[in-house]
Amino acid sequence: MKKYFNLFDLSQKVDYKIEILSGLTVALALIPEAVAFAFIAGLSPLTGLYAAFVMGLVTSILGGRPGMISGATGAIAVVIVTLAATQGVEYVFAAVVLSGLLQVIFGSLKLGKFIRLVPHPVIFGFVNGLAIIIFMSQLDQFKGEDGQWLSGPNLYIFLGLVLLAMLIIWGLPKLTKAIPASLTSILVVFGVVAALGLDTKTVGDMASIKGGFPPFHIPDVPFAWETLEIIFPYALIMAGVGLIESLLTLNIVDEITETRGRSNKEAVAQGLANVASGFFSGMGGCAMIGQSLINISSGARARLSGIVASVMLLVFIMFGSGLIDQVPMAALTGLMIMVSIGTFEWASLRTITKMPKKDIFLMFLVTGITAVLHNLALAVLIGVILAALFFAWDNAKRIRARKYVDENGVKHYELFGPLFFGSVTAFGEKFDVLNDPEEVIIDFAESRVVDMSAIEALNKITDRYQKVGKKVHLRHLSPDCKKLLAKADEIIEVNILEDPTYKVVIDDLA
């Protein structure tokens with residue numbers, strides 16, 4: 001029973017002070033992000049704040065990665081902006097619910113393991129691109145209400161407060177880790193502004209966060225096939241983007257904490273959170289790498305910090321909006337700039353001269369696509385496809401054949417390297433059909449038959465030998481290779497010859 005109901009990981013050692021203070025810091029950092037992402041999507045600020053509360057709470061309780069923070073994200077905002085503009089917010093809510101159901105199906109089918117197919121250069125590019133996005137998004141805070149860059153005293157005050165926040169976040173951990181540096185920086189900057197009466201931008205200048213408890217609301221859309229045709233493409237993209245960002249963030253947190261999260265459980269939790277968000281007037285979301293790193297860097301490792309962050313965010317919305325509206329944006333800007341610096345994989349730059357050129361190319365390409373297009377799913381998908389093509393090309397060049405004639409006059413071809421679509425051309429060029437003896441053995445002890453192209457290549461080489469009255473045997477096939485050939489017995493005609501030491505009779509598929 002414990003396996004299913006130990007939602008709070010009661011066996012895990014929890015430092016309540018660190019978890020609570022870290023959660024409070026994350027709650028403050030969530031506010032400007034949620035508001036900004038709601039604006040990007042063309043929705044009201046409360047839509048983003050409600051999503052941050054619901055996503056954070058559900059995933060903190062049910063997720064597969066304690067300490068990871070979820071909420072409204074820019075990746076999701078970019079996806080739904082067109083839907084919100086053309087169909088309205090109700091269709092957004094419906095799409096969010098559907099995307100959540102798709103994610104639940106993904107996790108229930110245990111497909112989270114496919115995140116392992118994302119190679120490290122792609123992960124580096126993804127992380128570096130996110131760091132650039134986080135940093136670039138903070139530059140907007142250096143603009144006034146008219147959209148022009150700050151200048152004169154306003155710029156100097158804002159920049160000074162930002163640098164003060166960054167200095168505290170950088171320097172305080174070197175002195176003490178008793179309190180989170182991020183929260184301290186916010187409180188100190190808040191105190192300096194209040195004590196000196198400085199005129200600077202605050203959270204309230206962006207939008208008021210005042211509201212009530214998220215209202216339960218069934219999306220007001222027609223329950224018809226036409227509705228599904230409208231929302232399904234957006235829901236599918238949201239589900240994919242959310243899972244990619246969440247599972248990659250999970251991997252990053254795993255590396256930092258040297259622990260292992262559960263990707264399938266996280267996928268199901270993300271789906272349930274999106275379903276709940278859609279029904280509670282939220283825009284949906286996924287894991288947030290910036291807030292997750294704030295939480296982890298503050299020392300939080302348990303579920304409590306995420307729960308505290310979500311609950312405190314709701315408290316701010318319902319009761320503390322007047323106080324939170326006065327928090328200087330400079331403090332949060334400095335915090336997010338430090339997050340971007342910490343997010344960037346600086347080690348990836350130091351290894352440029354040591355990594356293969358194709359990996360360097362992949363890393364910079366994924367970074368560029370992520371940073372320029374803000375399309376995380378597209379960046380990762382392109383990176384994975386190119387990595388697979390590079391891998392196929394490298395392996396296609398590695399197939400080799402050792403040739404000799406034994407004392408019985410039988411010609412042996414000992415293959416090295418996989419036989420698949422990329423290597424079939426080189427495979428066919430290895431054989432001297434006209435000059436070979438009457439009997440030929442192709443030895444697969446160091447090779448594998450991988451796909452349909454390989455089967456067809458075997459069929460062709462057999463046909464070439466058969467036309468000149470010669471016979472081909474396949475030897476040392478692995479069990480899965482034999483199974484693959486057995487399933488293809490209608491399109492291939494070969495003899496499978498086992499090693500005599502195996503004491504298995506010759507199996508003639510023909």
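What pLDDT does the protein average, and what share of the residues score at least 70? This is a predicted model, and the protein averages a pLDDT of 85, with 93% of the residues scoring at least 70. Over residues 1-7 the pLDDT is below 50, and this stretch has five contacts in the model beyond near neighbours in sequence. Residues 500-510 likewise have a pLDDT below 50, with 16 contacts in the model beyond near neighbours in sequence. Where pLDDT is low, the predicted coordinates should not be read in detail.

**Ile76 and its surroundings**

- Ile76 lies in helix 4, which covers residues 74-87, and because its relative accessible area is 2%, under the 20% limit, this residue counts as buried.
- Leaving aside residues up to four places away in sequence, Ile76 touches Met238, Val241 and Gly242, and also Met283, Gly284, Gly285 and Cys286.
- Although Ile76 and Ala239 are 163 residues apart along the chain, their C-alpha atoms are separated by 9.1 Å.

- Leu236 belongs to helix 10, which runs over residues 225-257.
- With a relative accessible area of 46%, Leu236 falls between the 20% and 50% limits and is therefore classed as partly exposed.
- Together with Trp225, Leu228 and Phe232, Leu236 forms a nonpolar patch on the surface, and the four residues have about 410 Å² of accessible area together.

Conventions
Residues numbered from 1 in each chain as written. Predicted model: local features only at pLDDT ≥ 70, side-chain atom pairs only at ≥ 80, totals over all residues. Heavy atoms only, no water. Patch = residues over 30% accessible without salt bridge, like charges linked within 9 Å, V, L, I, M, F, W, Y side chains within 5 Å. Areas by Shrake-Rupley, 256 points an atom, 1.4 Å probe, with all protein chains shown as cover. Salt bridge = Lys/Arg side-chain N within 4 Å of Asp/Glu carboxyl O. Helix = DSSP H or I, 4+ residues; strand = E, 2+ residues; numbered from the N terminus. Buried < 20%, exposed > 50% of the residue type's maximum accessible area, 1.4 Å probe, protein only. pLDDT = per-residue confidence, 0-100. Contact = heavy atoms within 4.5 Å.
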